[in-house]
Amino acid sequence: MSSKQLSFEQLAEKARQLRKQGKQVVLCHGAFDLLHPGHIRHLARARKEGDILLVTLTGDRFINKGPSRPVFQESLRAESIAALASVDHVAIHHDATAVSAIQGIKPHVYVKGSDYQDPEQDITGNIMLEKNAVEAVGGRIFFTDEIQFSSSSLINEHFDVFSPLARRYLAGFRQKHDATSIIEQVQRLSSLKVLVVGEAIVDEYCWATPMGQTGKSGHILSAKFDSIEQFAGGALAIANHLAGFAGEVTLLTGLGRGGRHEPFIRSKLDPKIITHFHYFEDAPTLVKRRFVDPFMNKLFEVYYYDEDPMTPEVESPIRQWIRAHAAEYDLVLVPDYGNGFISVDMARDLSETARFLAVNTQINSGNRGYHVITRYPRVDFTALNEPEVRLAAHNRQDSVEKVGAALAARVGAKNLAVTLGMDGALFLEQESERIHHVPALSTKVVDRIGAGDAFLCLAGLALAGGLEPEVAAFLGSSAAALDVQIVCNREPVLPVNLFKYINTLLK
């Protein structure tokens, strides 16, 4: 490691010594994923604002520009910056923003590029936080005005971050849409009221290290238990996704009586979500416990649930509430996991009362063979995977496009999406018969759990808000690409991360 490369703690101490010596300390901060002439000129100009130029680099796990970013790992990025004559010292900063870096370094001048000069153009909102932070330590912010290049554009053009199919798709999409207009359209969805109706699921990951076959029963796999982690899944995760994008989110779901899981569930829900919990008389809150090895392979899954939790005493007030209030919402979104919460009568009530109804009927081991979208007399939008489409249509021979179109017509859906895993998604417009194929927008998968829910949320919200189906398909696919980077439902897809990724994709 070059003598110019320091730990952040060493850099902060170096800055303290330099200030004590009367030196004017200048700080630059960024990802610098692909070092280009714009960066070089920016750093050279920053050096002129003081005696010493220090640079902090965002650590790999805090770069939220989407899958496959950063292209260069933090050690290589630090090495490249340290090689520049204008830079005196560089350190990797392990935080999502530069605020704590500024607080630690206490620079006399904090330098950013001219593209940050207008705070309203900063989709993260961080530039104002950074400005306040540097002024709080007695410094000032300075904006350079040098030649600009887009690292994302250069990476998209010259690096094989995406498949050839994805590059062709994005090139065509860019001809009709730009990042600014797409982000503005998403931001306008914040006026919508959304109702989420579905099963609350507590997902558990039991992290375990496989040890091999047991001694006496050689066909049984043994594993060493390491730890357990809980996540708010199902309709809870759906509501958390939507809370960042919609103006008002209401959640209608069922929990086991006794409240064992309720404190955890409430702690994991976004505070803005309005909850309407109904309590099963004898059934527990649904828990899905998965045993997962260190490489994210799912070894085994156990359900803790009652496959028929609903009773007339519980169902009746839920149906009354739906009939009285569902029409008040711009979007009713139903993640129907088929584990007993949504009855046939509730499905009919939702179809009859919702102004815009978006539904997914998920196939899983608890309902395989009989849980299909046709249990809803009418939906406006549904997002299903290919097996779910073929099961509902009882058709495995015809093309998925033909099967999907027939199924959409059967349930009256104006739009139907078929998610295809690593092959992306098909988006069918019923009236115009247009079909949009969006390839997978991520080349890296950490965990597929929840990706379909993220697709349903963003695509459904977009359609309910009047956005074009082509845009809804892009947004749903972008959200799914971000979600497969998240372990289970550890966190929702956040607007700032989606906006960053849209910028990355469309540059």
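A disulfide is here a pair of cysteine sulfur atoms within 2.5 Å, and by this rule the count comes to zero disulfides. The model is predicted, so local features need pLDDT of at least 70 and side-chain atom pairs count only at pLDDT 80 or more, while totals for chains, interfaces and linings use all residues. Residues are numbered from 1 along each chain as its sequence is written, and side-chain values use heavy atoms, with hydrogens and water left out.

The sulfur of Cys457 lies 14 Å from the closest cysteine sulfur, that of Cys488, which is too far for a bond. The sulfur of Cys206 likewise has its closest cysteine sulfur in Cys488, at 12 Å, again too far for a bond. Buried means under 20% relative accessible area, exposed over 50%, and partly exposed in between, with a 1.4 Å probe and protein chains only; Cys206, at 3%, is buried, and Cys457, at 0%, is buried as well.

Helices (H or I, at least four residues) and strands (E, at least two) are DSSP runs numbered from the N terminus, and two strands pair if DSSP finds at least two bridges between them. An open sheet of nine strands has the order β11-β10-β7-β14-β15-β16-β17-β18-β19, with mixed pairing. The edges are β11 (274–280) and β19 (435–438), each with a single partner strand, so one side of each is left without a neighbour in the sheet.

| Strand pair | Bridges | Example partners |
|---|---|---|
| β7 (residues 193–197) and β14 | three | Val196 and Leu333 |
| β14 and β15 (residues 357–361) | five | Val334 and Val359 |
| β15 and β16 (residues 381–385) | two | Ala358 and Phe381 |

Strand β14 (residues 331–336) has six of its six residues buried, so it is largely enclosed by the rest of the structure. In a regular strand the side chains alternate between the two faces of the sheet. In β14, Leu331, Leu333 and Pro335 point one way and Val332, Val334 and Asp336 the other.

Helix α11 (residues 312–325) packs against helix α12 (residues 344–353) at an angle of about 10°, with their axes 9 Å apart, where axes are lines fitted to C-alpha atoms, for helices over the stretch in contact, and angles run from 0 to 180 degrees between N-to-C directions. Contact means heavy atoms within 4.5 Å, and among the residues that meet are Ile318 and Ile322 in α11 and Met346 and Leu350 in α12.
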